Amino acid sequence: QVQLVESGGGLVQPGGSLRLSCAASGSIFNIGVMGWFRQAPGNQRELVADIFSGGKTNYADSVKGRFTISRDNAKNTVYLQMNSLKPEDTAVYYCNADVKDTWASTWQVYWGQGTQVTVSS
């Protein structure tokens, strides 16, 4: 079993910053791509950013230049630094990771529980 635990969400004013963290634990042999998704009420879940094991990153156009994704492979942790936040960034943010479990021959995607980010005056 693998668990992803997120932290760092909260309420922030427009223009402010937050840093989200997501730590993976359990029977982990290896982790491939890790990412952040978000879902606002009434909207589909959308990819915010992802990062591959070698460090290559991708960003949604709506956050490019404002958000930075990073990872610490030694800690099995992915981060999302969010700057210049806008009200439209308000959503539940979920991390995920493509994980090869110990003693398993296949990869499986795991999801965190979600953390609320609210950007409001």
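1. Salt bridges first: a search of the whole structure, which is a predicted model, finds three of them. The term here covers a side-chain nitrogen of Lys or Arg within 4 Å of a carboxyl oxygen of Asp or Glu.

2. Arg-38 and Glu-46 form one of these salt bridges, with N to O at 2.8 Å. Arg-38 counts as buried because its relative accessibility is 5%, while Glu-46, at 35%, counts as partly exposed. (Buried is under 20% relative accessible area, exposed over 50%, and partly exposed in between, using a 1.4 Å probe and protein chains only.)

3. Arg-38 also pairs with Asp-89, at 2.9 Å from N to O. Strands (E) are DSSP runs of at least two residues, numbered from the N terminus.

4. Which side chain does Arg-66 meet in a salt bridge? The partner is Asp-89, at 2.8 Å from N to O. Here too, distant parts of the chain are linked: Arg-66 lies in the loop between strand E6 (57-59) and strand E7 (67-72), 23 residues from Asp-89. Both residues are buried, and Asp-89 has a relative accessibility of 0%.

5. Putting the pairs together, shared partners join Arg-38, Glu-46, Arg-66 and Asp-89 into one network of salt bridges.

6. A note on reading the values: residues are numbered from 1 along each chain as its sequence is written, and side-chain values use heavy atoms, leaving out hydrogens and water. Local features need pLDDT of at least 70, side-chain atom pairs count only at pLDDT 80 or more, and totals for chains, interfaces and linings use all residues.

Note on methods. Helix = DSSP H or I, 4+ residues; strand = E, 2+ residues; numbered from the N terminus.
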